[in-house]
Amino acid sequence: MVTIKDIAREAGVSHATVSYVLNGKSQQARISKKLSERIKELASTLGYRRNEIARSVVTGKTQVIGFLVHRAGTEHFAKLLEGVMTEASLNGYFVKVIYVPTSCTQPESIVDICRGQRLAGVISSSSLFQDFLEKLQQQLLDNDIPLAIGPGGYALPHSIRIISDDTLGGKLVFKHLYDNGHRRFIVVKMAYSSAWTENRAQGFIDAAEEAGVYIGPDNITLTEQTPKFNTEMFIQQLKKSGATAVFAVSDYLALAALIGLQQHQYSIPNDIAVAGYGDLFFGQCIQPALTTVAEDLNDIGRNLFSSLLKRIESKQNLRDYEEEVQLHQVRLIARESTKICLP
């Protein structure tokens with residue numbers, strides 16, 4: 001295997017000079033452009049390949065980032081991870097998926113993995129809990145490891161957070177249903193509080209208020225996702241409210257609501273319209289096809305890595321950064337479950 005020493009010997013320069021050039025520090029070491037190009041050309045001719053393990057011993061970091069998740073088997077996770085992996089690959093990085101059990105309340109074991117693997121940075125999917133993330137970030141900062149948080153995650157100082165405009169998404173759904181003639185609604189949301197759940201529901205409620213439509217507690221169904229969806233409570237609230245349209249804050253909840261309605265002999269969309277959120281693949285395949293809000297998770301994943309890479313390559317103290325928030329736009333996709341399909 002060709003080493004830096006071999007290249008130095010062939011070029012007639014010091015080992016340190018070759019090291020500076022191959023690590024992109026020619027200007028810092030005041031090495032001429034002509035000499036730098038000659039060293040790079042010689043390294044290519046000799047077939048030099050950088051030893052990342054040896055490099056990590058010197059720098060304390062590898063070209064590997066961690067991706068934290070405690071629910072790996074979802075389309076949401078897969079789209080986000082694909083975007084992260086695509087951008088990482090283009091920049092010569094690898095992604096290590098780290099499973100965080102739901103039962104894990106203390107981040108020490110995860111930090112030990114990040115430190116032991118010499119990870120350059122960490123991306124958290126949106127499914128990790130706020131208290132856990134806060135503790136995790138503090139310990140990552142102590143180890144000079146930057147953190148980026150995916151859509152639906154919580155605000156943390158010094159972190160990078162890229163989110164979908166969920167408030168706008170809720171407003172888009174209300175406008176679509178309202179323009180289709182609906183005036184009484186049920187909002188189906190998660191029983192536990194989370195940023196994405198609250199923002200989507202609140203956007204819908206705010207748009208309704210602007211239109212003079214009141215949505216109170218009797219118009220909101222709190223439930224778990226499938227298979228724990230509380231169908232009976234949902235149907236009771238639907239009958240009591242006289243609603244003609246349902247907005248579920250996720251496609252999974254929308255699917256559960258749609259199945260429950262069909263089991264109780266409701267015709268979709270003739271008796272009641274149903275809209276979800278997330279544009280998951282099954283929404284195109286069910287009957288009727290599901291109206292939803294699309295968020296480009298692949299693009300968000302790519303931006304998560306790009307933003308994280310800037311922090312990795314920066315020489316600035318991580319605690320000197322303010323929270324960096326990027327807001328991604330969303331769009332409504334109208335399908336048969338709400339009767340009228342908009343262009």
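Helices here are DSSP runs of H or I with at least four residues, numbered from the N terminus. By that rule Glu37 belongs to helix α3. The model is a predicted one.

Glu37 has a relative accessibility of 41%, so it counts as partly exposed.

With neighbours within four places in sequence left aside, Ser36 is in contact with Val21, Ser26 and Ile31. Val21 is also a reference point for Glu37: the C-alpha atoms of Glu37 and Val21 are 8.7 Å apart, with a separation of 16 residues in sequence.

**Helix pairs**

| Helix pair | Axis distance | Crossing angle |
|---|---|---|
| α1 (residues 4-11) and α2 (residues 15-22) | 8 Å | about 110° |
| α5 (residues 75-90) and α13 | within 7 Å | roughly 45° |
| α6 (residues 108-116) and α7 (residues 130-142) | within 10 Å | roughly 35° |

Helix α1 is roughly perpendicular to α2, because angles of 65 to 115 degrees fall in that class. The crossing of this pair is right-handed. On the α1 side the contact is made by Ile4, Lys5, Ile7 and Ala8, and on the α2 side by His15, Val18, Ser19 and Leu22. Sorted by class, these residues are 5 nonpolar, 2 polar and 1 charged.

For α5 and α13, the angle makes the two helices oblique to each other. Helix α5 passes α13 in a right-handed crossing. The α5 residues in the contact are His76, Lys79, Leu80, Glu82, Gly83, Val84, Thr86, Glu87, Ala88 and Leu90, and those of α13 are Leu297, Asn298, Ile300, Gly301, Arg302, Leu304, Phe305 and Ser306. The class counts for this contact are 8 nonpolar, 6 polar and 4 charged residues.

Helices α6 and α7 also form a right-handed crossing. Glu108, Ile110, Val111 and Cys114 of α6 meet Phe132, Leu136, Gln139 and Leu140 of α7. The contact of α6 with α7 comprises 6 nonpolar residues, 1 polar and 1 charged.

**Arg311 in helix α13**

Helix α13 covers residues 297-313, and Arg311 lies in it. Is Arg311 buried or exposed? Arg311 counts as buried, because its relative accessibility is 5%. Not counting residues up to four places away in sequence, Arg311 touches Pro146, His158, Ser159, Ile160, Leu318, Tyr321, Glu322 and Glu324.

**Nonpolar cores**

In soluble globular proteins, nonpolar side chains tend to be buried together. The largest nonpolar core in this model has 45 residues. Phe185, Val188, Phe204, Ile215, Phe234, Val246 and Leu261 have the most contacts inside this core. The elements that give it two or more residues are the helices α8 (166-179), α9 (195-210), α10 (231-241) and α11 (251-263), together with the strands β6 (185-190), β8 (245-248) and β9 (273-275).

Which residues does Phe185 contact, leaving aside its neighbours within four places in sequence? They are Phe174, Leu177, Phe204, Val213, Ile215, Asn219, Ala243 and Ala245. Of these, Phe204 and Ile215 are also named among the residues with the most contacts inside the largest core.

A second, separate core has 20 residues, among them Val69, Leu81, Ile300 and Leu304. Ile300 and Leu304 also take part in the contact of α13 with α5.

Lys240 is found in helix α10. The C-alpha atoms of Lys240 and Asp218 are separated by 8.1 Å, and the two residues are 22 residues apart along the chain.

Gly242 is placed in the loop between α10 and β8. Its relative accessibility is 25%, so Gly242 counts as partly exposed. Gly242 and Arg183 are 59 residues apart in sequence, while the distance between their C-alpha atoms is 9.8 Å.

Key. Residues are numbered from 1 along each chain as its sequence is written. This is a predicted model: local features need pLDDT of at least 70, side-chain atom pairs count only at pLDDT 80 or more; totals for chains, interfaces and linings use all residues. Side-chain values use heavy atoms; hydrogens and water are left out. Buried means under 20% relative accessible area, exposed over 50%, partly exposed in between (1.4 Å probe, protein chains only). Contact means heavy atoms within 4.5 Å. Axes are lines fitted to C-alpha atoms, for helices over the stretch in contact, and angles run from 0 to 180 degrees between N-to-C directions. Angles under 35 degrees count as roughly parallel, over 145 as roughly antiparallel, 65 to 115 as roughly perpendicular and the rest as oblique. A crossing is left-handed if the near helix is turned anticlockwise from the far one by less than a right angle, and right-handed if clockwise. Ala, Val, Leu, Ile, Met, Phe, Trp, Tyr, Cys and Pro count as nonpolar, Asp, Glu, Lys and Arg as charged, and the others, Gly among them, as polar. A nonpolar core is a set of buried Ala, Val, Leu, Ile, Met, Phe, Trp, Tyr and Cys residues joined through side-chain atoms within 4.5 Å.
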